[in-house]
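Here are my notes on the model you sent over.

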Amino acid sequence: MSDIQMLMDMGFPKEKAERALEVTNNTGIEQAMEWLLAHADEPLPPASGTGSGDNSGETTANSAATEGATDEQPAAVAKSLKCDECGKLFKSQEEVEFHAAKTEHSSFSESTEEKKPLTEEEKKAQLALLEDKMRRKRQEREENEKKEAMERERLRIKSGKDMLEARRKMEEQEMKKLMDQRKREKLESQQARDRVRAQIEADRAARKAKDSGEPATATSPTSTTVSPPAATASTAATAVPATSTTPTAKPAEKKSYSSAKIAIRMMDGTQLVQTFQAAEQLAAVRLFVQLKMDAVDASFGLMTNFPKKVFTDEEYDMPLDKLGLVPNAVLIVTKAP
């Protein structure tokens, strides 16, 4: 709200309000009020720019009115405007309009009474009323600003809580996705271990079945050697040493062991002992170590100490008997190269 509008709301005419601000160099509404109260009884100076022709016309009209008035009884001059409802006097039409808007009074008339100038006490009282009114308006403005600031703070806190809640939900969703992924990976790893175990068991069963069938095929030729019926004594005498020599020769042929007892020394110093089929690959030993470590994807190597030998990737596909690890051997788990 502008200073002129505030002064008009306080009951001052617009022309006087503009004049007060102009005289006080627009230094503030309080200085303008002090000037208005100090010059409340002084009329405004006449507007500049009135020409000589207008003055001559007014002079002629006034002289004519004076001449007419000399012939008749002098007419009463209206010195103020009066409110018929409350009896208050006003000097200008602007004051009447302000009073009507403020009190909703609608009956006014001209009066010959002159509005008395304000005394010092009345001026101070009116100034106090105006200052109190300004103070109330200032307080209302400050309260409105405070309410607006509190509302902005409430909206800021609410938006912050909404952002935190949205972030928490996103974190929960990400955590759930991560847990589901870990469960899926663990299940897939367990299924892979189960498949490997099933494959090892199937290979062992197949080898056991194969080993159980080998003695029958080996003893069948011996039964045919002693079957000839027409043999002489000398032939029988010579045949006995032959049959006696064959059992001594067969152990040399059956030096291939069917099992291998492997002692495995882990990296933490512990030792594991497990029996494998001699025909099993060295990869079965590595898988056994991985299962004991509970890490199918663990990377490590195997080596012997005496003589020292580190097995290569190609040798993991070779059977234990071909690698000289039967009937027993010691393997050491080493870090992956």
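1. Among contacts in the protein with a separation of 6 or more, 58% are between residues 24 or more positions apart; contact here means heavy atoms within 4.5 Å. Of the 337 residues, 21% count as buried, where buried is under 20% relative accessible area, exposed is over 50% and partly exposed lies in between, using a 1.4 Å probe and protein chains only.

2. A word on the source: this is a predicted model, in which local features need pLDDT of at least 70 and side-chain atom pairs count only at pLDDT 80 or more, while totals for chains, interfaces and linings use all residues. Residues are numbered from 1 along each chain as its sequence is written, and side-chain values use heavy atoms, with hydrogens and water left out.

3. You will find eight helices and eight strands in the protein. These are DSSP runs numbered from the N terminus, with at least four residues for helices (H or I) and at least two for strands (E).

4. Five strands form an open sheet with mixed pairing, in the order E5-E4-E8-E6-E7; two strands pair if DSSP finds at least two bridges between them. E5 (271–277) and E7 (309–310) are the edge strands, each with a single partner strand, so one side of each has no neighbour in the sheet.

5. Within this sheet, E4 (residues 259–265) and E8 (residues 328–335) run parallel and are joined by five bridges. Lys261, for instance, has Asn328 in E8 as its bridge partner.

6. Which strands does helix H8 lie across? H8 (residues 282–293) lies across E4, E5, E6 (300–304) and E8, and runs at about 125° to E6. Such angles run from 0 to 180 degrees between N-to-C directions, with axes fitted to C-alpha atoms, for helices over the stretch in contact.

7. The largest nonpolar core has 21 residues, and Leu282, Leu302 and Leu325 touch the most other members. A core is a set of buried Ala, Val, Leu, Ile, Met, Phe, Trp, Tyr and Cys residues joined through side-chain atoms within 4.5 Å. H8 gives the largest share of this core, four residues. Leu282 touches, among others, Leu302, Phe311 and Leu331.

8. Elsewhere, the axes of helix H2 (residues 14–23) and helix H3 (residues 29–38) come within 9 Å and cross at roughly 115°. The contact is made by residues including Ala17, Ala20 and Leu21 of H2 and Trp35 of H3.

Definitions and conventions
Lists of a residue's contacts leave out its neighbours within four places in sequence.
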